[in-house]
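Welcome, and please have your viewer ready. We will go from stop to stop, selecting a few residues at a time.

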Amino acid sequence: MRIKSSEITPEQVFRQRRRMIALGIGSLAIPAVHYAFAADNSAADVSAMPQASIDQDNQATGLTPTKLDIINSYNNYYEFGFSKTAPSEAPKTLITSPWSVQIGGEGADNPGTYDIADIHGEHDIENHIYRFRCVEAWSMVIPWNGVALAKVIQAAKPNSSAKYVRFETLHDEQQMPNANWAGGPYIEGLTMAEAMHPLSLLATGIYDQPLEQQTGAPIRLVVPWKYGFKYAKSIVRIDLVEEMPRNTWWRQNPREYGFYANVNPAFDHPRWSQATERVIGKFGRQDTLLFNGYADEVAHLYPDLHDRRYFF
Amino acid sequence: MPQAALRLALHLALLVVLVWMVQEAVAGADLVTELRDASGRWSLYLLLLSLCFTPVTRLRPAWRVYIPLRRVTGLWAFAFACVHVLVWISLEFAFDWRGMWQEIVGNLFIWLGIISFALLKVLAASSNRKAQRWRGYQYWRFIHTLIYPALGMALGHYFMAQKLPEWQPMLLISVFIVLLVWRWRYAD
């Protein structure tokens, strides 16, 4: 990251702002809102004491973030192996710097190629503590750092044929020992409305630390009301397209996985119940919430909540 | 080595496996699934191993001396299955019976596991001389062929628990098929 030292917010000022933000949110008592914006760019986050900022976000959301070492050692990233531990135990072969993301597709009037520093430089880094719910019925709470996906899309000037957004993960046999498990790059997709939603992020960090190889470095999608497989990792292409992208899991196992994959405790997976979830790092289970607890924010995106399509 | 010493050695070796398994799970990010899955897998390994005794002694009659280890193997397979089930009930569901029922209902792969475990219980409970004498050896032998449906269902349970067809369950299933074919072709 190329940031002039004059741009770095002094820690004192940063923390003061943090406090004001936390107070502001607390006093407005907005239910289930998790936006604690750091108004400045990422340098502030890196220089500040991570724990202090997390604690304050925590007060605003009521969620207790999962420990970083757990987040970094329990992962699904099939390109690095099928088990939960394989991705963190794999040799660090992913070259994350330099890294560029191509943004284009027929729906983009202003396509372009950006590197991570460009994305950081142009858009504010936001910090959000979100629930994370895997389709395998386990969950964590993750304090993400990233930019709003909407801002990145807006910069590509979407036109009328931008109906969906297609995400593509790096596909490189040199850098990923199991790159070919799905016979090609990992593909994910969102509708335009989902992608433009303020909850949707392109994350570049967790706990104010850059993403690790196993968590999808250097940039990944975050859509907290959907199951975790939607969160495409190590993204190299974002296309605004007219046709619904056929995402990898839908293609791999269409009986069990579809396009929308919104969290819903009332719609079971063909092989297990989605009513409850195991919280990683704790014993026992907790109830799963409709849209993973973000129903107030996203339910309006789906006209018919009884339509099974949206939850599968 | 006398048979008692052989049995003791196997007991100790499998106890070490259990301790190692718990240790690995505690050190890992997710104790619950790691212990649940590792104990389930070891139960399958040992059940398959217990089926190998007869064909192996057919090929090498001198190895008949190891036959008493079959019972130890089978009992430990049941012990690992117990760990598997208990982890699920206590650590994963914290005795939330309603939650467990929700999970079980309409879930073929869990039913396969439950039926298999019930059969294994019968086999473990009847793994002594008294049970062999109860209704005669022939009856006991018939009861113990239940190992085949029990293991078949347990393997189905393992296979179906995966998101994608993976090599490990496939390998175990292939071994089982080989053993089944052998039994059907060559056993008395």
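Start by selecting A:Val152: at 5% relative accessibility, it counts as buried, since the cut-off for buried is under 20%. Keep in mind throughout that this is a predicted model. A:Val152 sits in helix H7 of chain A, which covers residues 149–155.

Next, pick strand S4 of chain A, residues 126–133. Is this strand enclosed or open? Eight of its eight residues are buried, so S4(A) is largely enclosed by the rest of the structure. Show the side chains here. In a regular strand, side chains alternate between the two faces of the sheet. On one side of S4(A) you will find A:Glu126, A:His128, A:Tyr130 and A:Phe132, while A:Asn127, A:Ile129, A:Arg131 and A:Arg133 point the other way.

Bring in strand S5 of chain A, residues 138–148, which pairs with S4(A) in the antiparallel sense over eight bridges. To follow one of these pairings, select A:Glu126 and look across to its bridge partner in S5(A), A:Gly146.

For the last stop, switch to chain B and select B:Arg7, B:Arg71, B:Arg129 and B:Arg133, which gather in a patch of positive charge on the surface. B:Arg7 belongs to helix H1 of chain B, residues 3–27, and counts as partly exposed at 32% relative accessibility.

Terms used:
Residues are numbered from 1 along each chain as its sequence is written. Chains are lettered from A and ligands numbered from 1 in the order in which they are written. This is a predicted model: local features need pLDDT of at least 70, side-chain atom pairs count only at pLDDT 80 or more; totals for chains, interfaces and linings use all residues. Side-chain values use heavy atoms; hydrogens and water are left out. Buried means under 20% relative accessible area, exposed over 50%, partly exposed in between (1.4 Å probe, protein chains only). Helices (H or I, at least four residues) and strands (E, at least two) are DSSP runs, numbered from the N terminus. Two strands pair if DSSP finds at least two bridges between them. Patches are made of residues with over 30% relative accessible area and no salt bridge: like charges are joined within 9 Å, nonpolar side chains (Val, Leu, Ile, Met, Phe, Trp, Tyr) within 5 Å. Accessible areas come from the Shrake-Rupley method with a 1.4 Å probe; for residues, only the protein chains shown count as cover. A salt bridge is a side-chain nitrogen of Lys or Arg within 4 Å of a carboxyl oxygen of Asp or Glu. Lys and Arg count as positive and Asp and Glu as negative; His and the chain ends are not counted. The place of a charge is taken as NZ of Lys, CZ of Arg, CG of Asp or CD of Glu.
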